[in-house]
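Let us take a walk through a protein model together. Have a look at the sequence and the picture first, and then we will go through some of the details.

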Amino acid sequence: MVVAGARTSERTGSPRRVTILGSTGSVGRNTVDLISRDPGAYTVEALTAGRNVAHLVEQARALRPALVVIADPAGYQALRDALAGSGIEVAAGPEAVVEAAQRPADWVMAAIVGAAGLESTLAAARRGAIVAFANKECLVCAGPLMMDLVRDCGATLLPVDSEHNAIFQVFDPDRRDSIRRLLLTASGGPFRQSSRSQMAEAGPEQACAHPTWRMGAKISVDSATMMNKGLEIIEAHFLFAMPEERIDVVVHPQSVIHSMVEYVDGSVLAQLGTPDMRTPIAFALGWPERIPTPAAPLDLISAGTLTFEAPDPQRFPALRLARHALQSGGGAPTILNAANEVAVQGFLERRIGFLDIERVVEQTLERLPHSRLDHLDDVRHIDAEARREASENLARCSE
């Protein structure tokens with residue numbers, strides 16, 4: 001099971017000391033929103049952001065953390081000037097983000113998008129913190145190594161992705177043999193009913209127009225290609241120690257059922273709720289207790305009919321690519337993730353078309369060996385090689 005710690009752990013009456021890595025992104029902002037609604041329950045140790053100085057300053061003034069970090073050193077001067085006289089420590093650069101994760105917070109939100117969040121997430125896990133993570137790429141890149149580190153250091157991983165959080169809530173780790181399969185739900189994204197020719201003409205605006213969730217650009221594009229669901233299959237495999245062939249995907253456009261666990265007796269347990277990221281974040285923030293959120297209550301009468309369909313592997317080959325990477329093992333998932341990040345960024349910059357994303361990923365997987373992952377240095381090396389190869393493949397697509 002994902003938790004290397006205790007479902008039996010108890011909260012004390014003292015404020016929970018928290019750090020938010022990636023506080024200006026979608027998940028980070030929702031976490032800040034929840035903390036701001038009950039400030040007496042939390043002490044904020046650190047906030048980090050990538051480049052958004054203005055919003056980081058606003059959060060720092062509201063939450064009064066001990067430390068704020070901007071990952072882009074170019075933003076340091078503006079951040080320091082804006083917080084001069086506040087008593088808040090200011091730092092910049094990727095190394096400072098990792099140092100923020102090492103600060104003495106007992107709960108860390110790991111919400112930095114992509115492989116860039118790996119080092120800081122691992123740093124928090126190494127000191128045995130409770131790590132609420134919304135960064136599925138960490139487990140995709142370094143799943144076996146990360147899970148070993150979590151167990152060895154006595155850390156606790158709490159999934160914040162709505163799908164894995166839903167599974168966590170209905171997964172019985174003491175009766176693993178009675179679980180038949182995991183069912184990850186997918187909205188289908190903005191192109192659920194689009195043809196391949198229609199998708200070929202789509203630009204970033206169309207790909208980011210998610211029908212039910214409001215997310216950042218990268219994860220929105222991943223939803224449009226359904227690569228997000230492929231990455232989630234890999235994440236679920238490591239989090240719940242479930243074989244790939246026992247993890248299925250079902251398209252559920254209403255996004256009311258967030259995922260399900262099927263047991264051998266035919267029972268299917270599901271977690272339902274309105275599509276609001278504050279619900280899974282609050283589950284992790286309050287764990288092992290539950291805390292109130294401003295999310296709208298689920299009204300099943302208003303929700304009406306809930307529908308389900310199988311994903312189309314012809315229109316959305318990313319699912320096949322992700323399963324192939326997981327089956328191949330070693331560094332293949334690392335290659336998949338790195339190539340996808342390069343390709344999505346190229347698409348957002350309008351250097352390649354929407355369907356070129358899958359081509360770049362597939363070509364990169366085909367051209368690089370699936371080396372073993374024995375150490376974190378192997379992850380870094382494979383990631384760098386995959387980004388180099390993917391960049392070359394992207395350049396060929398854009399010619």
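Which side chain meets Arg181 in a salt bridge? The partner is Glu262, with a distance of 2.5 Å from N to O. A salt bridge here is a side-chain nitrogen of Lys or Arg within 4 Å of a carboxyl oxygen of Asp or Glu. Side chains of opposite charge can pair when their charged atoms come close.

Before going on, note that this is a predicted model, in which local features need pLDDT of at least 70 and side-chain atom pairs count only at pLDDT 80 or more, while totals for chains, interfaces and linings use all residues. Residues are numbered from 1 along each chain as its sequence is written, and side-chain values use heavy atoms, leaving out hydrogens and water.

Back to our pair. Arg181 sits in strand E8 (residues 179-186) and Glu262 in strand E10 (residues 257-263), so the bridge links distant parts of the chain, 81 residues apart. Helices (H or I, at least four residues) and strands (E, at least two) are DSSP runs, numbered from the N terminus. Arg181 is partly exposed at 27% relative accessible area, whereas Glu262 is buried at 9%. Buried means under 20% relative accessible area, exposed over 50%, and partly exposed in between (1.4 Å probe, protein chains only).

Another salt bridge joins Asp33 to Arg37, with their closest N and O atoms 3.0 Å apart. Both residues belong to helix H1 (residues 26-37), where they are 4 residues apart, about one turn of the helix. Asp33 is partly exposed at 23%, and Arg37 is exposed at 52%. In total, the count comes to 36 salt bridges.

Now turn to the open sheet, whose 7 strands pair in parallel in the order E4-E3-E2-E1-E5-E6-E7. Two strands pair if DSSP finds at least two bridges between them. Strands E4 (89-92) and E7 (156-159) stand at the edges with a single partner strand each, so one side of each has no neighbour in the sheet. Strand E6 (residues 130-133) runs parallel to E7, and 4 bridges join them. Ile130 stands opposite Thr156 in E7.

Finally, helix H5 (residues 118-126) packs on this sheet, touching strands E1 (16-21), E5 (107-110) and E6. Contact means heavy atoms within 4.5 Å. The direction of H5 makes about 155° with that of E6; axes are lines fitted to C-alpha atoms, for helices over the stretch in contact, and angles run from 0 to 180 degrees between N-to-C directions.
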